[in-house]
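Here are my notes for a colleague opening this model for the first time. Please read them with the structure on screen.

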Amino acid sequence: MADFYTNCILLLLFFLVSTAAGAVFQPSPWSLAHATFYGDQTASETMGGACGYGNLFVNGYGTDTAALSSTLFNNGYACGECYQIRCVSSQYCFRGSPFATVTATNLCPPNWAKDSNNGGWCNPPRTHFDMSKPAFMKIANWKAGIVPVMYRRVPCVKQGGLRFQFQGNGYWLLVYVMNVGGAGDISGMSVKGSKTGWIAMSHNWGASYQAFSTLGGQSLSFRVTSYTTKQTVVAYDVAPSNWNVGLTYQATVNFS
């Protein structure tokens, strides 16, 4: 009987610790959508984008990226999410239905001038991926133009910690968060200067958050929460006291 109660206590402790730490992101079930591509094989037209990641090569995203229809984009909260996509039910699909793993870096806006089934591929409520051409060419012949696909969310596998790119001025700090592991997405952030308490940051757009505070001359720490898992990580002293806008600072922690 003692062993029974001991096991119950251990299970309860495990549950409490897991809940406090946040759930580890697991792949979602497969769902049906459609995919097109934009740009050419250099993927130069995918640079920048609504998530604010800038140069995707420099910032670690490469050419395996996609723009999401607004149904998926979720007002920017889907920025950084990772998807596996494979072509199905088309003569243009490659043999074996291989998948491409892409990161959401952009918005595919609606085109209300065209019918949703004839050119307005990203019109709500359509679930659609406008992939970079190199990513699309991993799953299907580019001559198809558009193909039906199966997709699922998968954990984002990243090397190293979260990256924080600073913009703004002495009274306004705008931070782009990149290299996000786990679910890849963010629902909220706070910043702490070495002379302040925690200051809540508001969502600006895409993957950026802002604080209207005077934080110059202080080392900065960040508290980041995942949109999907609600897991929170704290990155202490990411930026030194002589930090500056236009620079990127990397933490030693990330989501799992």
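1. Start with strand 9, residues 188-193. This strand is mostly covered, with 5 of its 6 residues buried. Buried means under 20% relative accessible area, with exposed over 50% and partly exposed in between (1.4 Å probe, protein chains only). Strands (E, at least two residues) and helices (H or I, at least four) are DSSP runs, numbered from the N terminus.

2. A word on the source. This is a predicted model: local features need pLDDT of at least 70, side-chain atom pairs count only at pLDDT 80 or more, and totals for chains, interfaces and linings use all residues. Residues are numbered from 1 along each chain as its sequence is written, and side-chain values use heavy atoms, with hydrogens and water left out.

3. Strand 9 has pairing partners. Two strands pair if DSSP finds at least two bridges between them. With strand 12 (residues 220-225), strand 9 pairs in the antiparallel sense over 6 bridges. Strand 10 (residues 198-205) also runs antiparallel to strand 9, joined by 4 bridges. A hairpin of 4 residues links strand 9 to strand 10.

4. Look at Met189. Its bridge partner in strand 12 is Val224. In strand 10, Met189 stands opposite Met201.

5. Strand 3 and strand 4 pair in the antiparallel sense, over 5 bridges. There, Arg86 stands opposite Phe99 of strand 4.

6. Which residues touch the most other members of the largest nonpolar core? They are Tyr83, Ile85, Phe129 and Met131, in a core of 31 residues. Such a core is a set of buried Ala, Val, Leu, Ile, Met, Phe, Trp, Tyr and Cys residues joined through side-chain atoms within 4.5 Å. Elements that each supply at least two of its residues include strand 1 (31-38), strand 3 (82-87), strand 5 (128-132) and helix 3 (133-136). Apart from it lies another core, of 25 residues, among them Phe166, Val175, Phe222 and Trp243.

7. Finally, the record. UniProt lists residues 48-161 as "domain: Expansin-like EG45" in an unreviewed entry. Its annotations may be inferred rather than shown by experiment. Over residues 48-161 the chain is 7% helix and 30% strand.
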